[in-house]
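Please look over the structure below.

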Amino acid sequence: MTDFDVQLFVIGAGSGGVRAARVAAGLGARVAIAEERRLGGTCVSRGCIPKKLLAYAAHYREDFEDAAGFGWSVAQPTFSWERLVGNKNREIDRLNGVYRELLEGARVDILQGGAKLADAHTVSVDGRMVTAEHVLVATGGRPFKPDLPGIEHAITSDEAFELRELPRHILLIGGGYIAVEFAGIFNGLGADVTLAYRGEQILRGFDDDIRRHLNAEMRKMGVAILLETDLAGIVRRDDGALDVEWSRGSGRPDVFDTVMFATGRKPNTEGLGLAELGVKLDDDGGIVVDDWQQTNVPGIHAVGDVTNRIALTPVAIREGFAVAATLFGGRRTRVDYDNLPSAVFSQPPIATVGLTEAQALKRFDEVDIYRSDFRPLRHTLSGRDGRSLVKLVVETASQRVVGAHMAGADAPEIIQGIAIAVKMGAKKSDVDATIGIHPTAAEEFVTLREKETKRRHDDVDAAPGERKR
């Protein structure tokens with residue numbers, strides 16, 4: 001310790017970096033953390049939290065419309081994008097302050113500014129040199145935009161949160177979770193939304209039944225979805241409108257006031273000095289680490305989205321904890337990535353844990369598929385034609401539940417509970433023995449009885465590409 005200013009220097013004060021810093025400090029280590037933007041990282045400032053707040057706002061239009069079926073007379077509601085963004089920003093400011101209090105309470109030194117590695121044990125923060133026994137890189141990721149004519153006229157999710165006005169006609173490019181979430185947000189808030197994706201179906205990597213179901217439900221809500229469609233370029237008119245041209249798919253010119261790209265994210269590793277030190281990076285610039293978050297250069301570690309593996313906030317937090325426990329807690333700790341639950345806050349939301357049907361058929365000789373497609377009780381009075389879907393994937397030989405999937409209201413809340421059972425190795429008989437809570441959508445899981453058995457050689461949909469969740 002006498003050879004270094006600190007025992008752990010964390011670059012990036014997002015969820016994973018802050019967790020590692022606080023745990024390490026709690027274990028007695030001297031810790032410093034550097035951040036050039038706001039504390040809390042992407043999740044708090046430009047991701048999960050503001051996205052969820054906007055998704056709440058988008059759902060109110062449907063709630064106002066549904067109220068009549070339940071006896072309420074509601075005057076024509078009005079919406080203020082400016083007020084929503086202002087309220088959202090105040091909450092982000094509050095959370096930024098919470099993160100600062102947590103770090104200061106743990107006696108972590110906070111350095112505001114851009115950090116770069118001078119060597120494996122020295123970090124430069126806007127010219128100030130700090131030596132460290134260990135350096136943890138937790139700089140997250142950033143939205144990616146392809147090199148297309150007129151791409152400078154397009155925005156990403158970062159800018160979407162700060163738009164001065166709600167778009168009237170918006171084109172979303174992409175078919176992943178960010179694209180479908182913002183499609184639901186802007187559609188729910190009253191914009192005319194078109195989503196264009198080059199693939200054959202949205203949400204590659206999720207269960208195929210869920211993908212098809214969400215596509216159908218989004219279309220019911222008014223989102224125009226163009227599949228197997230590629231954008232060729234964007235041209236800004238004199239009046240500010242955006243002409244878009246297609247290279248594949250849509251055969252007609254289209255005009256929008258906003259074009260947003262949600263075509264993936266790239267690790268934030270540029271300008272950190274990693275390549276110069278010989279730190280191994282993947283083809284996208286992600287930091288390659290082992291099971292204990294250690295890079296190929298001793299003393300340099302990495303967690304979270306910057307490793308280009310599983311882009312989930314809870315995963316980054318768990319990885320941050322594991323690094324601190326390994327380095328300063330006296331026990332080598334690694335993260336178990338099996339049966340990770342995740343959700344997409346689309347309209348309607350979806351959630352999943354474990355294997356998709358296609359993935360299970362790659363791993364096992366035979367699986368039993370249980371599914372239920374139903375009309376939620378609420379819609380019997382609201383008059384909507386929206387439907388929900390629940391699905392279980394069970395390995396036939398052991399009868400272990402290896403996957404659970406849902407599309408519909410409260411899916412993330414429901415699957416979070418089911419994820420515990422899946423993680424514990426629950427069998428279908430355990431699910432059957434559980435008495436349901438009535439009337440709920442969740443009880444559909446414990447009343448599934450009809451099955452379809454599929455074998456590895458059956459003609460099933462090709463397994464989608466593994467997703468970075």
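The report starts with the model itself, then turns to the salt bridges, the cavity, a pocket and a surface patch.

This is a predicted model, in which local features need pLDDT of at least 70, side-chain atom pairs count only at pLDDT 80 or more, and totals for chains, interfaces and linings use all residues. Residues are numbered from 1 along each chain as its sequence is written, and side-chain values use heavy atoms, with hydrogens and water left out.

**Salt bridges**

The whole structure holds 36 salt bridges. Each one is a side-chain nitrogen of Lys or Arg within 4 Å of a carboxyl oxygen of Asp or Glu. Three of them are listed here.

| Pair | Closest N and O atoms |
|---|---|
| K88 and E162 | 2.9 Å |
| R334 and D291 | 3.1 Å |
| R456 and D365 | 3.2 Å |

K88 lies in helix α4 and E162 in the loop between α5 and β8, so this pair ties together parts 74 residues apart in sequence. Helices (H or I, at least four residues) and strands (E, at least two) are DSSP runs, numbered from the N terminus. K88 is buried, at 2% relative accessible area. E162 is partly exposed, at 44%. Buried means under 20%, exposed over 50%, and partly exposed in between, with a 1.4 Å probe and protein chains only.

R456 follows β22, while D365 sits in the loop between α9 and β19, so the parts they tie together are 91 residues apart in sequence. D365 is exposed, at 58%.

**Cavity and pocket**

There is one cavity of 30 Å³ or more. The volume of the largest cavity is about 40 Å³. Its lining has five nonpolar residues, three polar and one charged. On a 1 Å grid over the protein atoms alone, a cavity is a set of points where a 1.4 Å probe fits but cannot get out; a pocket is an open set with protein on both sides within 12 Å along at least five of seven lines; lining residues have an atom within 4 Å of a point.

The second largest pocket has a volume of about 1,200 Å³. Its lining takes in 46 residues, with H59, E62, G408, A409 and D410 nearest the centre. Helix α3 gives the largest share, 10 residues.

**Nonpolar patch**

Y56, Y60, F64, F70, W72, V74 and L381 make a nonpolar surface patch of about 790 Å². Patch residues have over 30% relative accessible area and no salt bridge, and nonpolar side chains are joined within 5 Å. Helix α3 gives the largest share here, three residues. V74 sits in the loop between α3 and α4.

Methods:
Patches are made of residues with over 30% relative accessible area and no salt bridge: like charges are joined within 9 Å, nonpolar side chains (Val, Leu, Ile, Met, Phe, Trp, Tyr) within 5 Å. Accessible areas come from the Shrake-Rupley method with a 1.4 Å probe; for residues, only the protein chains shown count as cover. Grid points are joined across faces, edges and corners, and a volume is the space filled by probe spheres set on the points. Ala, Val, Leu, Ile, Met, Phe, Trp, Tyr, Cys and Pro count as nonpolar, Asp, Glu, Lys and Arg as charged, and the others, Gly among them, as polar.
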